[in-house]
Amino acid sequence: MMYYADVLLPIPLERTYTYLAGAGTEHMLKPGIRVAVPFGKTKLYTGLVIRLHQNPPTAYQPKEIYRVLDQEPLVSAHQLRHWQWIASYYLCTLGEVFRTAVPSVFLLESETRVLANPLWREDESSLDDSEFLILEALEHQPMLSVREISEIVERKHVLPLLHRMLAKGAIRLQEKLEERYVPKRSRYIRMHPQYREDQALEALLDSLSRAPKQSALLLQMFQLQQGHDKPVKSKELEQLAGASRAALKALIDKEVLEEYLLEEDRIAYDGSLPVSGLPDLNDDQSEALQQIRAGMGEGKTVLLHGVTSSGKTEVYIRLIQDALDRGKQVLYLVPEIALTEQLIRRLQAVFGSRVAVFHSRQNLQERAELWYHVQAGAEQASVILGARSSLFLPFARLGLVLVDEEHENTFKQFDPAPRYHARDAAIVLASYHKAGVLLGSATPSIESFHNASTGKYALVNMDRRYGDVLMPEMELVDLGDAFRRKRMQGHFSERLRLAIGEALDARSQVILFQNRRGFAPIVECTSCGHAPQCVNCDVSLTYHQYRKELRCHYCGYHRPLETTCDACGNATLDTRGFGTEQVEEELKSLFPEAAVARMDLDTTRGKYGYQRIIEAFEARETDILVGTQMLTKGLDFRHVSLVGIMNADALLNFPHFRAHERCFQLLTQVAGRAGRTRQRGQVLIQTYNPYHQILQQVARGDYQGMYRDQVYEREQFRYPPAVRLIKITFAHKEFNRVGEGADWFARSLRLRFDQQVLGPEFPPVARIRNLYHKNILLKVQPGQGLAPTKNSIKRIEHSFNAISLYRSIRVIYNVDYI
């Protein structure tokens, strides 16, 4: 009896592919098991078994499964169901979700190996120099990888060369599948059984009287093992005895010591933090905790609207303890990796080794190990703290989902597909596990607060700061007036300079916020007006002074800064605008005694980049910290008395329907870093428009007023939460073709949706990485089914792809565009 398996491949295919199960393997094939399968002419991919059945495909001859890779499913039924929801809701393929959800170390792909063809007998004169070099290398080594061949012939692109040799019959190609996950093993040492008796030991030590290093190793070994049977690491023994590897190896060769390997956990808790009890709650926190429990008891998602420094984290810790007491796992989502550095210490101080971190800066092996721990429900993975990708972990018994700073747009995935929103996807995941969900923020997103206002979510408020500390004093500084009175020094008003000086004199710390990295966004020639542009994108190059280079923030293109203008040749280059680098430089000249640090994408690229900057600021080694929006996301610094916003107008004047909402959120959040202990903090906002309504609302802390104004405007112009948005982007290297294709698609959409279609329009930056982009915005009205709408869009896309002229245009869907 023949069995067939529907296999999901990690590539953007519209459906699964059916393979023939090899004889005797059908009992091994269960949903969620990984298999290696051939796809295309020679390539092997890692696929995931979705279903086992006895119905052969009618459209093609099924190939046989090459190898079964797992004994137990890698992916659970809950995960597969969640993936299917993501693929359906966000208009992408299940294969794209598979590739994003699973750590790439589990996605084995075959590597092409090159072998000499023993049947080839042609004259070697038909070969060019490179081909001859390859055949000569294959005489000494039976098999070569493509990378090795590239090094031999000193060419980057060798596939055309291999195809020529394949056509001549000089070589053969073979696909080799390699396991990429390797458990970490450490070397340990123990005494050989024959020397465990006292008499044998005495004789041994006498025989080693002329080998002091070997004797020292043995004596150190006895000390380490005295009173317990703890395994002894080889490296630890060498260091403590002050001996070399050669001395240890000599004892191993003499069969005095035995060396063996033990598997180690890459993400083991170091135990350096003392574990304390649960934090005490004040009356406001206790009341909020009771309301949250009641809301979750009703089966509702709960929105916790608590002002900055109101003590939301202590409430989260109590809820985590509730879940752990029930034997459940907890997912704690944060918008930025930077936040995990402080939170991990706070959580480990309470829960010890039960806390684990999952994010993209970990290496592949660490992520794979954590995957297995979560799947097994291991104690060291009871609480998972992570960025958006952690919601794809295989939770065995998820009991609570916490989404901190739920308003942050970094919870939304932009590229590549699936373009999911982690907050919304986490709510759906929790519903499958029947887990509680808590969304927390001092400035909730308009959509979440709307859901709470209409009763879809339970709303809990925390209106006072912990310890009854006053909210920071907010002051708007008029830059126009400061320039007229000639009271500006660089980009610092007199008021901000004096406030920084006072804070430093009081031995307090200062945070300055400028939401643009680099030194200056534009370098311009004052003679002819030319500004250097990116060769791949329609955008000017940003000047980075610390590297003396111009860099594109869209594609990464960079080049050194020339001393003369590219267009006219004059040495009259000047900068326009300013970024965090320029603020840092001005601070060093204004306050030479202060220790200044910068926190942006350029200074936090390494695995421990965030940690070093945050720990130095907490230890008060840094007096002034300059940063981008990384600073706004829930960081808790105890000695900051002043926060300065360098230019609020750049946030207000952004061409987006969420610009005012985001401006309010960013300014309120960064202001919340000030005065988090007994002393009241101060916030200075520099602006050319101090009477702007949003800035006045920020100064008053009037979230409700901002919410009412924004909802009213969005109802008038039909934007979320009044409607749902689907953004459709078209990308192609030819300007005219992308324009024609987008126009055709828009006309087809209007036949079905009429006035709900906006565009197509080119975005402000129309060309990125040599691809032109054009956007259509579709507004889905309340009561209009989302599923039928998506089906209509997909039918139009199928017709679009049937036109040969448009087939090469890439169509990108962004559901719930933010």
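Two strands are said to pair if DSSP finds at least two bridges between them, and the helices (H or I, at least four residues) and strands (E, at least two) named here are DSSP runs numbered from the N terminus. What follows describes a predicted model, in which local features need pLDDT of at least 70 and side-chain atom pairs count only at pLDDT 80 or more, while totals for chains, interfaces and linings use all residues. Residues are numbered from 1 along each chain as its sequence is written, and side-chain values use heavy atoms, with hydrogens and water left out.

Strand S25 (residues 549-551) is joined to S26 by three bridges in the antiparallel sense, and Glu-549 has Pro-560 in S26 as its bridge partner.

The protein as a whole has 25 helices and 36 strands. Its radius of gyration, taken over C-alpha atoms, is 31 Å, which agrees with the value near 28 Å that a compact globule of 818 residues would have, the globule rule being 2.2 Å times the number of residues to the power 0.38. Of the 818 residues, 54% count as buried, meaning under 20% relative accessible area, as against exposed at over 50% and partly exposed in between (1.4 Å probe, protein chains only). Contact means heavy atoms within 4.5 Å, and among contacts between residues at least 6 apart in sequence, 75% join residues at least 24 apart.

In the loop between H17 and S22 lies Arg-507, which counts as exposed at 64% relative accessibility and has a positive phi near 60 degrees. Most residues other than glycine have a negative phi, and most peptide bonds are trans.

Strand S22 (residues 509-513) is largely enclosed by the rest of the structure, because five of its five residues are buried. Both of its faces are covered, with Gln-509, Ile-511 and Phe-513 on one side and Val-510 and Leu-512 on the other. S22 is joined to strand S30 (residues 640-645) by five bridges in the parallel sense, with Val-510 opposite Leu-642. S22 also pairs in parallel with strand S29 (residues 624-627) over four bridges, where Leu-625 is the bridge partner of Ile-511.

Some individual residues remain. Leu-91, in the loop between helix H1 (77-89) and helix H2 (94-101), has a positive phi near 55 degrees and is buried, with a relative accessible area of 9%. In the loop between strand S16 (398-404) and helix H14 (422-433) lies Pro-416, and the peptide bond to Pro-416 from Asp-415 is cis, with omega near -5 degrees.
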